[in-house]
Amino acid sequence: MDATVQADTPEVVKNKVLIKGGTVVNDDRSFSADVYVEDGIIAQIGHDLSVPDDTIAISAEGKLVIPGGIDTHTHLQFPKNGLTSVDDFSQGTKAAAAGGTTMIIDCVLDSSDCSLVEAYDKWRAMADDSVVGDYALNVAITKWDNKVKIDMEKLVHQRGVNAFLVFMSYKDKWQLTDSELYQAFCHMRDLGALALVHAENGDVIKQGEDEMIKQGVVGPEGHELSRPEEVEAEAVQRAITIADQANCPLYVVRVMSKGSADVIAECRKKGYVVYGEPIAASLGTDGTQYWNTKWREAAAHVTSPPLRPDPTTPGYLMDLLANGDLQVTGSAHCSWTTGQRAAGQSDFTKIPHGVNGIEERMSIVWENGVATGKMDENTFVAVTSTNAAKIFNLYPRKGKIAVDSDADIVIWDAEAVRTISASSHHQASDVNIFEGMEVHGVPVATLSKGRVIFKDDQIVANSEGHGVFVDRKAHCDHIYGRLEARAKYLLPRAVIRMEHDGPVAQVAPAVAAGYQPRTSRPRNLHESQFTLSGDTKQGDEDEIGTPISRRNRKPATRVNAPPGGRSSLNIFE
């Protein structure tokens, strides 16, 4: 649905706006104040402000005035296997604005043979004249060689990119080996970039997919069955370990399970520099829908890592988000029509991965976080905007209602209620995975750099191209300041001891390598008659020359267990 209001409304034309009567909510505090915006920047905050006569006033009486949301993870206009995700940069950012999000960070992920820089330029060409709000780009690395390293340097130093995504899944396509991950993390550390990781064990998944197909499980349930929760958690642990050895900050995208969230939480308690990103889908629904008898509904939930069939997972992840064990929320928005998903109706591995969430993300966090009492309004702002701004080096330009910050502002009605439905959402897909969900907390108006782009449940006309690409500098102090301090603290240090003042033994000169006394001969281990048996003397042999200790030895036992599995062998037999 793409309803619009005309662009000749005063709030749109004027560049001087006063938001009156609201409660300003930042991540650290809430306070009553008016906010005056001029030329896209917040100029004044307070009461009884002196503003020009031609200023347009917008009432926020009884409402919250919050920083615009920052969606850390989107895939708009995404090409895959000859298909393109249905929401392009225009439609996707309009839907984002309708949900209170004023900035997205999309992912450059090109399966063609073009270079990283060429792929980046392709994404810029698609987005620059289309986006309603501001945007930035992360770039995915799907192979590892010297050309990739050079392109990464260009993207950091010349193109405003400060984060790169690597995959531990999608075997034979995008997956990097552990050795390549370590090298990539080291290079990102040297560039001052943030490492993003899609954490699943691709080798195990490939075996699981093959087994499901072999067993005749070809529907959407096969997607979750081939990717059990343990496969996600194992990869998260491995990624954190490798990144820590490389002294590189790590950001885990798409946290979908209790197991992976627990790994992140435990590692953070030990001081690891790692961040976790649950998405709207993992916070708002679960994987029981994969067993829905309506293929259309089941297929709409296919994403990777998959949603988990444990219905307590969304609440568990929200708990960790509320207490700081997880830090930010994205949507991983990559929406497809039912017809596009039908390419995999007889083989779940061919269903394009991706779910909606760009419009619903903030309301879902409010409904399941604030409305339930798990978090307050300040934490809500932190996990939907401020933390992302800090991690991706956008703060305080973004993520804060403050003088000199961008006027990316949302007037939020905490009491309003709406029902999510594909029939009324502002996206192009014919399915919504949150269909019928009632949520409290909705935006009344969304402003991007002081310009109203969404108001009264309608997109403002002629907003396309209003947004701009935002450069992000590397070596973010919020991340690298801590990382450098931790690295310095953990440096190995020699122990300072009192010098020994007692007697010192004289050591004989070392025998030269390879030297043997003349009386010795090389020892042939195959001639050894040594035995651990207490009832046979060394040297005893039977009539055919075999040591007696070997005659009644129990045959070797083969252990038919997988790597890491349990052996049934009793070592005391």
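The model is a predicted one. Across the whole structure, a search turns up 28 salt bridges. Side chains of opposite charge can pair when their charged atoms come close.

**A link between distant parts of the chain**
- Arginine 227 and glutamate 209 meet through their side chains in a salt bridge, at 3.0 Å from N to O.
- This pair ties together distant parts of the chain, 18 residues apart: glutamate 209 belongs to helix α6 (residues 202-214), while arginine 227 lies in the loop between α7 (221-225) and α8 (229-245).
- Arginine 227 counts as buried because its relative accessibility is 4%, and glutamate 209 is buried too, at 14%.

**A pair within one helix**
- Glutamate 266 and lysine 269 form a salt bridge, with their closest N and O atoms 3.4 Å apart.
- Both sit in helix α9 (residues 258-269), and they're three residues apart, so about one helical turn separates them.
- Glutamate 266 is partly exposed at 41% relative accessibility, whereas lysine 269 is exposed, with a relative accessible area of 60%.

**A salt-bridge network**
- Lysine 398 pairs with aspartate 406 in a salt bridge, 2.9 Å from N to O.
- Shared partners join salt bridges into one network here, made up of Asp134, Arg397, Lys398, Asp406, Asp408 and Lys449.
- Both lysine 398 and aspartate 406 are buried.

**Glutamine 340**
- You'll find glutamine 340 in helix α13 (residues 338-341).
- Its relative accessibility is 16%, so glutamine 340 counts as buried.
- Leaving aside residues up to four places away in sequence, glutamine 340 touches Leu83, Thr84, Val86 and Pro352.

Key: Residues are numbered from 1 along each chain as its sequence is written. This is a predicted model: local features need pLDDT of at least 70, side-chain atom pairs count only at pLDDT 80 or more; totals for chains, interfaces and linings use all residues. Side-chain values use heavy atoms; hydrogens and water are left out. Helices (H or I, at least four residues) and strands (E, at least two) are DSSP runs, numbered from the N terminus. Buried means under 20% relative accessible area, exposed over 50%, partly exposed in between (1.4 Å probe, protein chains only). Contact means heavy atoms within 4.5 Å. A salt bridge is a side-chain nitrogen of Lys or Arg within 4 Å of a carboxyl oxygen of Asp or Glu.
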